Amino acid sequence: TQTAKKIQQDSPDFKLLEAGRKALEIESQALDDMRKRLDSSFISLVNHLDQLVSQSRNLVITGIGKSGLVGTKIAATFSSIGLPTIFLHAAEASHGDLGVLKQNDTLLMISNSGETEELLKLLPAINRRKCTLIAMTGAPESTLGRRAQLVLDVSVQEEACSLNLVPTASTTATMAMGDALAMAPLAKRGFRPEDFAQFHPGGSLGRKLLTTVEDLMHSGNEIPTVP
C-alpha cells in the first residue's frame, strides 16, 4: 500500500488525496468556527432540553432531505441519553403525522437555508398548538430563524464540495451541533455509565453493567443434582 509520502505530486492519486484532505480541512474549519460562535442561546436551549427531561415531555425534530437524515441521528442520540425524542418527517407531517405534536410541545426544525417550503408550511399549525419552536439553521435571518423562539447558528463558509453545492460541511456542522446539545446536559446531570446502560440493555455495556448473577444462575429445583 502506498503511503502519503510515497505518492508523487504529479500523479492522479495525489490529486485524489488532496481532494480528500481539502474536504476534511473545510469541515474542520466549519466546526471550529461554530465552536467559537456558541453563546447564551446554546445555554438557553440546553436548559430548555433539561426541563423536558424533568417534566417527562417529548422533543419532536423535523427536517427533510439531508437535514432530515441528520435529524434522525440527533433524535436517536437524544433518546439514548434519556431525552425521549420523536423524528417527524416534514413531508408527511401535513398529511396526518402532525398528530405526534401535542399542545405546548417543543419542535426542533432543521433547515440550512431556513426557507424549506415543507417546514414553513407547518408554522401555522405549530402556532395553533403553542409549541416552542427551535431553529437549527445556517441562515439565522431567514423566515425560520425569525419565527423561532430559539435559534442555533450552524452556518458554514463553504461546502466541502468543489462546486460548493453538495451538503457536506453544513450537514457535518448540524450533526456536530446535535452532539453538543446532547453532551452538555450530561455534564449538568452527572450522567454515569450506569445511566447510559439503562437505555442500551442489549449492548455490551448494558450487559456488563446491568447483568447480575441472579439473571444467569439456576436456583431451587432448576439446579441439576445427582446422588
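Thr172 counts as partly exposed because its relative accessibility is 26%, where partly exposed lies between buried, under 20% relative accessible area, and exposed, over 50% (1.4 Å probe, protein chains only). Thr172 is placed in helix H8. Helices (H or I, at least four residues) and strands (E, at least two) are DSSP runs, numbered from the N terminus.

The model is predicted: local features need pLDDT of at least 70, side-chain atom pairs count only at pLDDT 80 or more, and totals for chains, interfaces and linings use all residues. Residues are numbered from 1 along each chain as its sequence is written, and side-chain values use heavy atoms, with hydrogens and water left out.

Apart from neighbours within four places in sequence, Thr172 is in contact (heavy atoms within 4.5 Å) with Glu27 and Leu31.

Glu27 is among the buried residues of H1, together with Phe14, Ile26, Ala30, Asp33 and Met34. These buried residues pack against strand S5 (150-153) and helix H8 (169-189). H1 itself covers residues 12-37, 26 residues in all, and spans 38 Å from first C-alpha to last, close to the 38 Å expected at 1.5 Å a residue; the expected span is 1.5 Å times one less than the number of residues.

Totals for the chain:

| Item | Value |
|---|---|
| Helices and strands | 11 helices, five strands |
| Buried residues | 36% of 227 residues |
| Accessible surface (Shrake-Rupley method, 1.4 Å probe) | about 13300 Å², 54% from carbon and sulfur atoms |

Of the contacts between residues at least 6 apart in sequence, 66% join residues at least 24 apart.
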